[in-house]
Amino acid sequence: MVFKTPPGVYAPQDDTWLLAEALLRERITKGTAVLDVGTGSGALALVAAGRGAAQVTAVDISPLAVGATWLRARLKGLPVRVLHGDLLTPVAGHGFDLIVANPPYVPVAGRRARRGRGLAWRAGADGRALLDRICRDAPPLLRPDGVLLLVHSALSGTERTVAQLTESGLRAAVADRRTIPFGPVLRAQAPWLEAQGLIAPGETKEELVVIRAERRT
């Protein structure tokens, strides 16, 4: 049975697959506790569970995403616990060996979206409405030698992410980069991004980055 991502849920795109490639390079065993923050369609949680991780938790603020991930995991017979909530709030106090996150990161005029389709990508004027929270709240949840994998656009401040994670005591660096053409969202935002000086006039491509941060023992 082919499962299609329902309308209103973030469907896997280039950032998802770039993060999945980074995830597949990590060592995952039956004892590895994995957290997928902002799971969307559940694609990354399912990749982790398919690699053999028996402890996979997926979190999303969208009830539609929670339902879609739960259904996909059941259809595939994979052990994924799905929680409804805001970023890391539902798992506060728990520890994980691997945290993956593909949060909304597109810089836009106005505040972070609270509902509707924009919930999956709108992230405030600097694109960091959720990135800063993850950089603050994820490090305390990492077990010794635990790893955080975080993907976002370079438009949202690669150096700032690395610096914040480093300040939290992690060893952080860019693990992968990929340049892709603007999708529909960035094409629509291009005039505003130009006006803010975030892209050059006529620019049509963005760089995605995966930042890997590790808690060393």
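Reply: Let's start with Ser41, which is buried in this predicted model. Its relative accessible area is 4%, and buried means under 20%, so Ser41 qualifies. You will find Ser41 in the loop between strand E1 (33-37) and helix H2 (43-50). The side chain of Ser41 reaches the backbone nitrogen of Ala43 at 3.5 Å. Leaving aside residues up to four places away in sequence, Ser41 touches Thr5, Val9, Tyr10, Pro12, Thr69 and Arg72.

Now follow the theme of burial to helix H6 (residues 184-195). Here Leu186, Gln189, Ala190 and Leu193 are buried. Why do they lie on the same side of H6? They cover an arc of only 160° around the axis, which puts them there. Strand E7 (205-214) is part of what covers the buried residues of H6. Just after H6 comes Gly197, with a positive phi of about 75°.

Finally, have a look at the largest nonpolar core. This core has 64 residues, and Val80, Ile99 and Leu149 touch the most other members. Strand E5 (residues 142-153) gives the most to this core, with 6 residues. Not counting residues up to four places away in sequence, the contacts of Leu149 include Leu19, Ala22, Leu23, Ile99 and Ile211. Glu26 and Arg212 are also among the residues that Leu149 touches.

Definitions and conventions. Residues are numbered from 1 along each chain as its sequence is written. This is a predicted model: local features need pLDDT of at least 70, side-chain atom pairs count only at pLDDT 80 or more; totals for chains, interfaces and linings use all residues. Side-chain values use heavy atoms; hydrogens and water are left out. A nonpolar core is a set of buried Ala, Val, Leu, Ile, Met, Phe, Trp, Tyr and Cys residues joined through side-chain atoms within 4.5 Å. Buried means under 20% relative accessible area, exposed over 50%, partly exposed in between (1.4 Å probe, protein chains only). Helices (H or I, at least four residues) and strands (E, at least two) are DSSP runs, numbered from the N terminus. Contact means heavy atoms within 4.5 Å. The arc is that of the directions from the helix axis to the C-beta atoms. A polar contact is a pair of N or O atoms within 3.5 Å; within protein, one must be able to donate a hydrogen and the other to accept it, and residues adjacent in sequence count only if both atoms are side-chain atoms.
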